[in-house]
Amino acid sequence: MSFCKHCIQGVRHEGNPAGKLETIAGVNCYIATPTVDYPKDKVILFLPDVFGIELINNKLLADDFAKNGFKVVAIDYLNGDSLAPDIMNSPSFNFMEWLPKHGAEQTRPPLDKVIAALKAEGVTKFGATGYCFGGRYTFDLAFDNVIQCSVVAHPSLLTVPEDLEAYFSKSQAPLLINSCEVDQMFPIAAQQKADEIFADGKFAPGYKREYFAGCTHGFAVRGDMSDPLIKAGKEGAFKGTVEFFLAHL
């Protein structure tokens with residue numbers, strides 16, 4: 001499957017991450033913990049884009065979820081081979097050479113290890129929020145009903161309508177899709193197909209799709225905050241995600 005140019009385009013955000021890097025079951029993770037009391041049996045799994053847990057944008061997003069009362073575990077499911085930030089916007093990087101090294105065979109095992117370790121610590125409910133590349137693996141976890149609530153933003157690597165139909169038939173996890181106007185990976189036709197399959201109460205666990213005009217693929221994590229429409233989209237997607245987890249997890 002090809003990727004669009006927006007998959008490695010974007011803007012690095014600024015801030016001071018408040019979480020910490022830890023190893024869980026031998027897997028590197030960025031953990032953001034609320035400073036107030038929070039439900040210890042719930043965790044949000046943060047499945048980042050191809051820039052992984054090291055990108056400051058992803059760390060700051062995880063921190064923001066923690067500020068809203070969720071413990072967040074961002075998992076290095078790219079096995080130490082996420083794209084360096086300086087590759088962002090590079091016209092020469094061969095993305096399709098990198099991609100085959102990060103299929104389900106390489107990517108799913110670290111997720112399963114971390115989830116098993118968290119279950120052993122008493123976690124019983126998992127939400128997952130997947131951005132771009134992470135959308136694929138949020139769907140896969142939902143297929144197996146490993147997670148109890150799913151959110152994806154501008155997901156990549158989905159086959160439409162097959163993956164949407166599989167989600168409908170296999171998963172019991174409520175689903176939120178944060179979509180946008182310009183997205184080769186999950187275009188308007190795919191968004192409409194999702195509504196056709198899930199909307200109007202057809203998917204009993206719960207379904208919602210947000211649409212952000214003026215935004216492009218990557219807006220929810222690598223958007224240019226100097227653009228008012230993209231800033232509104234990023235903030236709207238985050239707010240919608242928090243509200244969806246509060247309602248369904």
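Helices here are DSSP runs of H or I with at least four residues, strands are runs of E with at least two, and both are numbered from the N terminus. This is a predicted model, in which local features need pLDDT of at least 70 and side-chain atom pairs count only at pLDDT 80 or more, while totals for chains, interfaces and linings use all residues. Residues are numbered from 1 along each chain as its sequence is written, and side-chain values use heavy atoms, leaving out hydrogens and water.

**Stop 1: the largest pocket**

Select Ala18, Gly19, Lys20, Ile31, Ala32, Thr33, Pro34, Thr35, Asp63, Ala66 and Lys67, which line the largest pocket. A pocket is an open set of points on a 1 Å grid over the protein atoms alone, with protein on both sides within 12 Å along at least five of seven lines; a cavity is a set where a 1.4 Å probe fits but cannot get out, and lining residues have an atom within 4 Å of a point. The volume of the largest pocket is about 180 Å³, where volume is the space filled by probe spheres set on the points, and points are joined across faces, edges and corners. Strand 2 (27-32) and helix 1 are the elements that give two or more residues to this lining. Which element gives the most? Helix 1 does, with three residues. By class, the pocket lining has five nonpolar, three polar and three charged residues; Ala, Val, Leu, Ile, Met, Phe, Trp, Tyr, Cys and Pro count as nonpolar, Asp, Glu, Lys and Arg as charged, and the others, Gly among them, as polar.

**Stop 2: helix 1 against helix 8**

Axes are lines fitted to C-alpha atoms, for helices over the stretch in contact, with angles from 0 to 180 degrees between N-to-C directions. Angles under 35 degrees count as roughly parallel, over 145 as roughly antiparallel, 65 to 115 as roughly perpendicular and the rest as oblique. Show Leu61, Asp64 and Phe65 of helix 1 with Lys234, Phe238, Thr241 and Val242 of helix 8, which make the contact, meaning heavy atoms within 4.5 Å.

**Stop 3: the cavity**

Next, select Tyr38, Pro39, Lys42, Val43, Ile44, Gly69, Phe70, Lys71 and Leu249, the lining of the largest cavity. The structure holds one cavity of 30 Å³ or more, and the volume of the largest is about 40 Å³. Its lining divides into six nonpolar, one polar and two charged residues.

**Stop 4: Cys132 and helices 3 and 4**

Zoom to Cys132, in the loop between strand 5 (125-131) and helix 4. Cys132 is not a glycine, yet has a positive phi of about 55°. Now show helix 3 (residues 104-120) and helix 4 (residues 133-143), whose axes come within 11 Å and cross at roughly 60°. This makes helix 3 oblique to helix 4.

**Stop 5**

Finally, pick Pro161, in the loop between strand 6 (149-153) and helix 5 (162-170). Is the peptide bond from Val160 to Pro161 cis or trans? The bond is cis, with omega near 10°. Continue to helix 5 and helix 6 (residues 188-198), which pack at an angle of about 25° with axes 10 Å apart. Helix 5 is therefore roughly parallel to helix 6.
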